[in-house]
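Colleague: Could you walk me through the aromatic rings in this one? I'd like to look while we talk.
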Amino acid sequence: MRIPEHIVEQIRRQTDIVELISDVVRLRKNGRNYVGLCPFHNEKTPSFNVLPDKGIFKCFGCGKGGDAITFVREQQKISYIEALQQLAARAGVELPEEPDTDESRLQRSRTEEAYNALRFAGNFFYKQLFSDDGAYALEYVRRRGFSQETVRMFALGFSPDSYNATMTELKALGVTDEALSDAGLVKSNEESERVYDRFRGRLMFPIQNSVGRVIGFGGRRMNDEDTQSPKYLNSPQSLVYNKSEVLYGIFQAKDALRRLEYGILVEGYADLLSVYQAGFHNVVASSGTALTKEQLRLLGRFAKRLKIVYDSDAAGVKAALRGLDLAVEEGFDVEIVRLPEGDDPDSIIQRDGAEAFQAKLDRALSLVDFKGEVFREQGLLASPTGKTEAVHSMMETIARVPDRIKRDFMIQSVATRFALREEDLYAVLTPLLRRQQFREADDRQRETARAEKQMETGYNGGEPSARQGRGLEMVPEANGQRANADNAQRQTELLPEEIELLRIALDTEGACGYMKERLNVNEELFVSQQGKALFTMICEAAQHGTPLQYLLQEQPETENAANETAALLSVAIGLVVRRETPSENWRNFNVTLEDHTVRILRDSAHTLRLRHLDVELQSLHDALRLSENSDVPLEVLQRLQNVSAERRLLVESLGTA
Ligand SMILES: [Zn+2]
């Protein structure tokens, strides 16, 4: 299906990219732009930029960049058309009707088919809850005290106690066998090869990702006499569901998390519903798994403070301790809410009300106090060796805190609590810190290696970061001395002056023509392979107006073309963003070819030309050296003279008005 240009344009215009990305990333305003932690790679300091004026984003960490459509595609791993459809629905733009032919169905990706199956299943389960079959599940829901509003908000449902009711219903709606299995909705018996519904006779909790799409289910057994099957059953890992990356309730909690700037973490589905219904909307659950790093990173996009509420039994304490260490390591300010033995959030709210739960939240324990209490209960603090062990364990947690000032505060509080000297604590901490740093460096190295592997297949995002560091500031080096024949041949990364030329060419109407006609710049002048490719692409686009705008609008013919364009665009956008982020002044360039712009273009072109001349000079000198005792060919001398003269002129002109 091809969507008319003007409609794509309308979708793009009516999409607020900041709002769109805010659904998944906590953005902070930075001048006219926004920054946040990149959703595409793991980072602790933000290098993900959003430019609302241009409707684009760019990450300097991993190189990903593009417009709203690219963002949705990458984030949800769906096709170009699917991303457009989603954005159209969001922006209230009507798309031309697509006939549901076999062909159009083929074009839908497997991922999208799986999402579709899950959405249909969610609707089906919801309806079933209010049918005769679902009566006892609905009765259970009411007995637990969940209101109609809560049932609707979390779209609870019921899966019929049948081997094929769900399957039959979904197939009638056009869901394929493959999609059913991709979505984890069916299971097959290995021996008989019979396929049957995975969820039977269960109260269903749809698990949604942060943008609200159903990606899996948790199902609670409704027949308590059935002791064969587990009380809670979760979707298996699938194309769209990765349990270690999911937080139950994140979609409903998102706004409250941002507003209140902290999250409440509970264990199960029922706990979450109770807490939410009692008015604490900033609640998420790590259902079906022990808390993971990935879950914390997801939460960290919305809030960096966390109150962990776990059961008070031994298993709960152990889980809380583990969660605590992980959260601390991910840079969270974390507190632990302890509940009386035998209680859970649900029981407290049902029995004592929301105020009682709020009081527990208010009395949450700091990391040091919680660990101290646990050690005391374990009897560790009674003996000197036990105390040493306790302090050591505490220091291990503190060593994970990335922020030094926070660490210092914690040390102070440990010193006070255990009546120890701070110096002694630092003596324990220092070697632990070193170990932690080694580990982190190791992690980083592994991550970089992985990122590099990914990039081998395409453009590297135009990141000269290996040479320039992570900083956004780029200073054109106006010297050609470093260039020699050797690195000129090997040059694959963009040179600073190439970046200057490309950046202006990309974002300034008429710049390409000016460069070609007045400055004699052509593809050959570029030293790096990437520079050559980008310059060609930008000049082609320049025939249609401002290249950046044209490239963003260009609609790829095929999914492959879309991927290629996205890769190139990502590099190109990096060029524009880089300059804009550090200083607002650079914005002035983008309007017309001002004197200043012309000067930069000229100087950059001259610097590039200098590099070529230096390479040539080098080889001329080599020729001279080789022919030391014999006659030097006249043309070599002549050329040497010309090149030297040209070089001198160029050097003199650099940096002049
Ligand atoms: Zn990134």
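Colleague: Which residues form one aromatic cluster?
Modeller: Phe154, Phe205, Tyr232, Tyr248, Tyr269 and Tyr276 make up one aromatic cluster. This is a predicted model, where local features need pLDDT of at least 70 and side-chain atom pairs count only at pLDDT 80 or more, while totals for chains, interfaces and linings use all residues. Residues are numbered from 1 along each chain as its sequence is written, and side-chain values use heavy atoms, with hydrogens and water left out.
Colleague: And how many aromatic pairs are there?
Modeller: The count is 20 aromatic pairs, where rings of Phe, Tyr and Trp (its six-membered ring) pair if their centres lie within 6.5 Å, and planes under 30 degrees apart count as stacked, over 60 as edge-to-face and the rest as tilted. One of them is the tilted pair of Phe124 and Phe125, with 6.0 Å centre to centre and 45° between the planes.
Colleague: Is Phe125 buried or exposed?
Modeller: Phe125 is buried because its relative accessible area is 2%, buried meaning under 20%, exposed over 50% and partly exposed in between (1.4 Å probe, protein chains only). Phe124 is buried too, at 8% relative accessibility.
Colleague: Why is the pair of Tyr163 and Tyr196 edge-to-face?
Modeller: The planes of Tyr163 and Tyr196 stand at 70°, with the ring centres 5.6 Å apart, so the pair counts as edge-to-face. Tyr163 is partly exposed at 46% relative accessibility, whereas Tyr196 is buried at 17%.
Colleague: New topic: what sits over the ring of Tyr115?
Modeller: That is the charged end of Arg213, 4.1 Å from the ring centre; the rule asks for NZ of Lys or CZ of Arg within 6 Å of the ring centre and within 35 degrees of the ring normal. Arg119 likewise lies over the face of Phe120, at 5.2 Å from the ring centre.
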